[in-house]
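Here's a quick briefing on a ligand and the pockets around it. Have the model open as you read.

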Amino acid sequence: MATAAAQAGRSPDDVRLVAVTKYVDTDVVRDLVAAGCRSLGESRPQALWEKADALADLDVEWHLVGHLQRNKVRRTLPAVQLTHSVDSTRLLQEMDREAVNLPRPANVLLEVNISGDAEKHGFAPANVREVVERAGKYPHVQVCGLMTMAHREGGAEVARRDFAALRRLRDELVDRAPPNVRLDELSMGMSNDYPQAILEGATLIRVGRALYEGVPD
Ligand SMILES: *Cc1c(COP(=O)(O)O)cnc(C)c1O
């Protein structure tokens, strides 16, 4: 991360690692936290609830990085610092309704299907402007930025192009955003492509497998 940040002329402090824990049990998560990871991510709400409960003694923040069903919003919101994966306006509306009961707004990122893969979640890039404008109607939701996953195939160069496209989309939208929409966070980059993401402006990278090389199953 530091090498990529230096190459991009950015401070390493401007990029945060979200350690994705979906592959490991809580013993390994404790090792990660002891090694300095404070931001932890899960892709499935149920797994996040269970790990957050089991590790409630630790000073960490949880990030939901995978799809959130509306019927799981109520239980998920109090447990998470940031939901990276808002992919419908119906979900935004449900989060707004539930966040009324919380001491703070629900912090979210809008997931964008920048690569256009049919099996991916996320808003089509052409629809994000309208979603940003509509988010102004949901005052209990704080939009903090955008999230994407690069195209599955194509390697580092294609990933970099996808990440650059997300950053440009953000730059186009930022001046028209309503007051509860900030777009300064860009969540992009996983084990295979986080250096490219940092080069293109990622502020959050979501890394799983690369953290566990050599850890026995
Ligand atoms: C699993 C997952 C990651 C981490 O992927 P790795 O390839 O293991 O680094 C990142 N983001 C999302 C949405 C995931 O589901």
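This is a predicted model: local features need pLDDT of at least 70, side-chain atom pairs count only at pLDDT 80 or more; totals for chains, interfaces and linings use all residues.

For sorting residues, Ala, Val, Leu, Ile, Met, Phe, Trp, Tyr, Cys and Pro count as nonpolar, Asp, Glu, Lys and Arg as charged, and the others, Gly among them, as polar. Numbering starts from 1 along each chain as its sequence is written, and side-chain values use heavy atoms, with hydrogens and water left out.

**Around the ligand**
- The shell (residues with a heavy atom within 4 Å) is made up of V20, K22, Y23, S43, V65, M149, M190, S191, R206, V207, G208 and R209.
- For polar contacts (pairs of N or O atoms within 3.5 Å), start with K22, whose side chain has an N or O atom 2.7 Å from a ligand oxygen.
- R209 puts a polar side-chain atom 2.6 Å from an oxygen of the ligand.
- G208 uses a polar backbone atom, 2.8 Å from a ligand oxygen.
- On its own the ligand exposes 390 Å², and the protein buries 92% of that (Shrake-Rupley areas, 1.4 Å probe).

**The largest pocket**
- A pocket is an open set of points on a 1 Å grid over the protein atoms alone, where a 1.4 Å probe fits, with protein on both sides within 12 Å along at least five of seven lines; lining residues have an atom within 4 Å of a point.
- The ligand sits in the largest pocket, meaning more than half of its atoms lie within 2 Å of the grid points.
- This pocket holds about 690 Å³ of space, counted as what probe spheres set on the points fill.
- Its lining has 27 residues, with K120, M149, A150, M190 and R206 closest to the centre.
- That lining divides into ten nonpolar, nine polar and eight charged residues.

**The second largest pocket**
- The volume here is about 170 Å³.
- Y23, V24, D25, V28, R209, Y212, V215, P216 and D217 line it.
- Six of the lining residues are nonpolar, three are charged and none is polar.

Methods. A polar contact is a pair of N or O atoms within 3.5 Å; within protein, one must be able to donate a hydrogen and the other to accept it, and residues adjacent in sequence count only if both atoms are side-chain atoms.
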